[in-house]
Amino acid sequence: MEELGFSIADITPELARRFNLEDTDVAGVLITDVDPNSAAYREANLRRGLIITEVDRKPVRNVEEFEKAYQAIKPGATFLLRLYDPQSGGTLITALQKPGS
């Protein structure tokens, strides 16, 4: 996901401990890093520790499902991400544009 400016990972027991997600039963992929110079950080407000639960209105439970949903998006198209914030327990929706024309 370097082209988008962030890194993701499946939620493993180790990552759940590291990001204090042991009590979270939300399925999705964990944002493990965000480039502060990216649109993902500046415009979409993505941060480490958020969990992506949907890509372009398609539920994702792991990196494989994320990549499949992302590949279906046309270059240059704007798509939605649904995120779960374990800190607040709330859900967020934001948009990103897939690089390309």
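Student: Which residues form one aromatic cluster?
Tutor: Phe6, Phe66, Tyr70 and Phe79 form that cluster. Please keep in mind that this is a predicted model.

Student: How many aromatic pairs does a search of the whole structure find?
Tutor: The search finds 3 aromatic pairs. In one of them, the ring centres of Phe6 and Phe66 are 6.4 Å apart and the planes stand at 85 degrees, so this pair is edge-to-face. Phe6 belongs to strand S1 (residues 6–10) and Phe66 to helix H3 (residues 63–71), so the pair ties together parts that are 60 residues apart in sequence.

Student: Are those two buried or exposed?
Tutor: Phe6 counts as buried because its relative accessibility is 2%. Phe66 also counts as buried, at 0% relative accessibility.

Student: And how are the rings of Phe66 and Tyr70 arranged?
Tutor: Their centres lie 6.3 Å apart with the planes at 15 degrees, so that pair is stacked. Phe66 and Tyr70 are 4 residues apart in helix H3, and therefore about one helical turn separates them. Both Phe66 and Tyr70 are buried.

Student: What lies over the face of Tyr70?
Tutor: Lys98 does, at 4.5 Å from the ring centre. In another part of the model, the charged end of Arg47 sits over the ring of Tyr41, 3.6 Å from the centre of that ring.

Student: Let us turn to the nonpolar core. Which residues have the most contacts inside the largest one?
Tutor: They are Phe6, Ile31, Leu46, Ile52, Val55, Phe66 and Leu96, in a core of 22 residues. At least two residues of this core come from each of S1, strand S2 (29–34), strand S3 (51–55), H3 and strand S5 (78–85). H3 gives the most, with 4 residues.

Student: What is Leu46 in contact with, leaving aside its neighbours within four places in sequence?
Tutor: Its contacts are Phe6, Ile31, Val34, Ala40, Tyr41, Leu81, Leu83, Thr94 and Leu96.

Student: Now the strands, please. How many residues of S2 are buried?
Tutor: In S2, 5 of the 6 residues are buried, so this strand is largely enclosed by the rest of the structure.

Student: Which way do its partners run?
Tutor: S1 pairs with S2 in the antiparallel sense over 5 bridges, and 2 bridges join S2 to S3, again antiparallel. Val29 in S2 stands opposite Asp10, and Val29 also stands opposite Ile52 in S3.

Student: Last topic: how many salt bridges does the structure hold?
Tutor: It holds 4 salt bridges. One of them joins Arg82 and Glu54, whose closest N and O atoms are 3.4 Å apart. Arg82 is in strand S5 and Glu54 in strand S3, so this pair links distant parts of the chain, 28 residues apart. Arg82 counts as partly exposed, at 32% relative accessibility.

Student: What about Arg61 and Glu65?
Tutor: They form a salt bridge in which the closest N and O atoms are 2.5 Å apart. Arg61 is exposed, with a relative accessible area of 57%, while Glu65 counts as partly exposed at 22% relative accessibility.

Student: And where do Arg42 and Glu43 meet?
Tutor: Their side chains meet in a salt bridge, at 4.0 Å from N to O. Arg42 counts as exposed at 52% relative accessibility, and Glu43 counts as exposed at 61%.

Definitions and conventions: Residues numbered from 1 in each chain as written. Predicted model: local features only at pLDDT ≥ 70, side-chain atom pairs only at ≥ 80, totals over all residues. Heavy atoms only, no water. Phe/Tyr/Trp six-rings, centres within 6.5 Å; stacked < 30°, edge-to-face > 60°. Buried < 20%, exposed > 50% of the residue type's maximum accessible area, 1.4 Å probe, protein only. Lys NZ or Arg CZ within 6 Å of the ring centre and 35° of its normal. Core = buried A, V, L, I, M, F, W, Y, C linked by side-chain atoms within 4.5 Å. Contact = heavy atoms within 4.5 Å. Pairing = 2+ DSSP bridges.
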